[in-house]
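Open the model in your viewer and keep the sequence panel beside it. The tour goes selection by selection.

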Amino acid sequence: MDWNLATANERQDKRRASSVEEIHAFYEGVHPHLESILEEVDRFPLGELPESHLPIYNLALALAEIAPHVELYKGDPAVPYAFEESRMIAVHGDQETWRGKSPMDNKD
């Protein structure tokens with residue numbers, strides 16, 4: 001399960017390093033199960049997801065990362081006719097998404 005990645009940075013790097021075929025295979029494998037995945041993880045408040053559910057949550061996030069590339073860009077891992085993505089730095093891109101941290105969590 002090489003798409004089971006905990007951070008936004010990891011998911012973006014995986015998408016950018018993947019081939020069109022890999023992106024399509026992942027999309028076609030997970031997309032039909034998205035509704036049931038979301039129903040299952042929605043049973044828990046953000047930040048309280050049990051460890052046993054992290055893989056399916058991470059797969060749903062990875063699907064969200066690649067869906068526009070399949071649905072709008074024919075599976076191209078890059079964003080055609082756009083800025084160079086590596087110039088954009090996610091403020092919380094290296095944090096595990098499931099923890100549900102808010103930028104306000106670090107304020108005094």
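Axes here are lines fitted to C-alpha atoms, for helices over the stretch in contact, and angles run from 0 to 180 degrees between N-to-C directions. Keep in mind throughout that this is a predicted model.

**Whole chain**

Colour by secondary structure. The chain has four helices and zero strands. Along the sequence the pattern reads α-α-α-α. Now colour by burial: of the 108 residues, 31% count as buried. Switch to contacts between residues at least 6 apart in sequence: 68% of them join residues at least 24 apart.

**Stop 1: α1 against α4**

Select residues 8–17, helix α1, and show α4 with it. How far apart are the axes of α1 and α4, and at what angle do the helices pack? The axes are 10 Å apart and the angle is about 45°. Show side chains next. From α1, pick R11, Q12 and R15; from α4, pick N58, L61, A62, E65, I66 and H69. These residues make the contact. By class they split into three nonpolar, three polar and three charged.

**Stop 2: α2 against α4**

The axes of α2 and α4 come within 9 Å and cross at roughly 120°. That angle makes α2 oblique to α4. This crossing is left-handed. On the α2 side, display I23, H24, F26, Y27 and V30. They meet L59, A62, L63, I66, A67, V70 and E71 of α4. The contact of α2 with α4 has ten nonpolar residues, one polar and one charged.

**Stop 3: α3 against α4**

Move to residues 34–41, helix α3, and keep α4, residues 54–71, on screen. The two axes come within 10 Å and cross at roughly 130°. α3 and α4 are therefore oblique to each other. Is the crossing of α3 and α4 left-handed or right-handed? It is left-handed. Select L34, I37, L38, E40 and V41 in α3. Their partners in α4 are I56, Y57, A60 and L63. Eight residues of the contact of α3 with α4 are nonpolar, none is polar and one is charged.

**Stop 4: the core**

Nonpolar side chains tend to be buried together in soluble globular proteins. Look for that here. The largest nonpolar core has 13 residues. Select W3, F26, Y27, L63 and I66, which have the most contacts inside this core. The biggest share comes from α4, with seven residues.

**Stop 5**

Centre on F26, in helix α2. F26 is buried, with a relative accessible area of 8%; the cut-off for buried is under 20%. Leave aside neighbours within four places in sequence, and F26 is in contact with W3, L59, A62, L63 and I66. Draw a distance between the C-alpha atoms of F26 and A67: the separation is 9.8 Å, for residues 41 apart along the chain.

Finish on L63. Not counting residues up to four places away in sequence, L63 touches F26, Y27, V30, H31 and L34. L63 also belongs to the contact of α2 with α4 and to that of α3 with α4.

Note on methods:
Residues numbered from 1 in each chain as written. Predicted model: local features only at pLDDT ≥ 70, side-chain atom pairs only at ≥ 80, totals over all residues. Heavy atoms only, no water. Helix = DSSP H or I, 4+ residues; strand = E, 2+ residues; numbered from the N terminus. Parallel < 35°, antiparallel > 145°, perpendicular 65-115°, else oblique. Left-handed = near helix turned anticlockwise from the far one by under 90°. Contact = heavy atoms within 4.5 Å. Nonpolar A, V, L, I, M, F, W, Y, C, P; charged D, E, K, R; others polar. Core = buried A, V, L, I, M, F, W, Y, C linked by side-chain atoms within 4.5 Å. Buried < 20%, exposed > 50% of the residue type's maximum accessible area, 1.4 Å probe, protein only.
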